[in-house]
Amino acid sequence: MNTQTLLDGFAVEQFQSDLIGWFEKEQRDLPWRKDNDPYKVWVSEIMLQQTKVDTVIPYFNKFIEQFPTLEALAEADEEEVMKAWEGLGYYSRIRNLHAAVKEVKEQYGGKIPDNPEQFSKLKGVGPYTTGAVLSIAYGIPEPAVDGNVMRVLSRIFLVWDDISKTGTRKLFEAIVRNIISKENPSYFNQALMELGALICVPRNPACLLCPVQAHCRAFHEGMQAELPVKTKKANVKQVAIAVAVLKDEHGKVLIHKRDGTGLLANLWEFPNCEVVHSQENPERQLEKFLKEEYGATVRIGNSFTALEHVFSHLVWKITVYDGKIIGDVAETEQLKLVDEQEIGLYAFPVSHQRIWKEYKKTDG
């Protein structure tokens, strides 16, 4: 669809005025809005990707307390940074941010670039983050188009293109470049996001409370519930995983650090393997795996809990066993025996935090 056709007859200045006027009155009191510190804005935007605002607030406050400046984060130990992120999920976000702030410290003397071309080249920074950080922190009129904003704009401009397609995002970016307030791009972009979060929600949008209802073509056609158009994801793959919480004769627990790439990279976990539905039961498969992978002789006991860990493209169906280590285990950088009190020093994915909680109930 042609951008110019969509913009024909659209009252841009009135739309800006209605939208920003509403935001000035109704914006939520959020900690990253206290000042326009580019570092804090950047941290908040990375945290808010795929995570709800209410979940992010306590994490953000704690994270900024621990790493108050870009330099503090750049100089921090990876283990400490991962631990501070523990529970937020999508860990590639923090690994990329940690790498990117180091780039900023080394290449730009610790000042986050206000140039879209330079900023967008940093690790993990895409068009949305570029637009959000540069418009909010520096007042640069760059589009910040995420799923929230695409939903709002698809209704306002009555766009029937599939929002899961790259071309549609580019269409909305082109629209925003034409309608963004040059005087106040920060409030304009934040207002579009806020509108999507509070009023123009996925189901049952609160159209009667909408400050830009007069500009909304979907509302006038009675089509707001049909938009946006988004194709459904393919079926999610399910994988059976067997996990063991293992203690040696001194009561120390065996933990393993995942590889530096792939799912949940660099996080710690209790030893586990994918279960193949064959003749052998999961306990024997686990024992074999531990012997072959870590040279550990173990005796697997009873299963004490089962849970699911859901990713966007697959589900781990996890069964958890207790067990004993027979003899010694050769410790490495990625395989450690730790006291129960030390477990809290290591960053674990949410599923393995839950496993430990369940284990403590049965072990007590």
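## Glutamate 308 and lysine 317

In this predicted model, glutamate 308 counts as partly exposed, with a relative accessibility of 38%, and its partner in a salt bridge is lysine 317, where the closest N and O atoms lie 2.5 Å apart. Lysine 317 is likewise partly exposed, at 35% relative accessibility.

## Glutamate 194 and arginine 28

Another salt bridge joins glutamate 194 to arginine 28, and here the closest N and O atoms are 2.9 Å apart. This pair links distant parts of the chain, since glutamate 194 belongs to helix α12 (residues 185-198), whereas arginine 28 sits in the loop between α2 (12-26) and α3 (38-48), and the two are 166 residues apart.

Is each of these two partners buried or exposed in part? Glutamate 194 has a relative accessibility of 1% and therefore counts as buried, the cut-off being under 20%. Arginine 28, at 26%, counts as partly exposed, because that value falls between the 20% limit for buried residues and the 50% limit for exposed ones. Arginine 28 and glutamate 194 also belong to a network of salt bridges in which Arg33 is linked with them.

## Aspartate 35 and lysine 40

The side chains of aspartate 35 and lysine 40 also meet in a salt bridge, with a distance of 3.3 Å from N to O. Aspartate 35 is partly exposed, its relative accessible area being 30%.

## The structure as a whole

How many salt bridges does a search of the whole structure find? The search finds 18, among them the bridge between glutamate 194 and arginine 28. Side chains of opposite charge can pair when their charged atoms come close.

Definitions and conventions
Residues numbered from 1 in each chain as written. Predicted model: local features only at pLDDT ≥ 70, side-chain atom pairs only at ≥ 80, totals over all residues. Heavy atoms only, no water. Salt bridge = Lys/Arg side-chain N within 4 Å of Asp/Glu carboxyl O. Helix = DSSP H or I, 4+ residues; strand = E, 2+ residues; numbered from the N terminus. Buried < 20%, exposed > 50% of the residue type's maximum accessible area, 1.4 Å probe, protein only.
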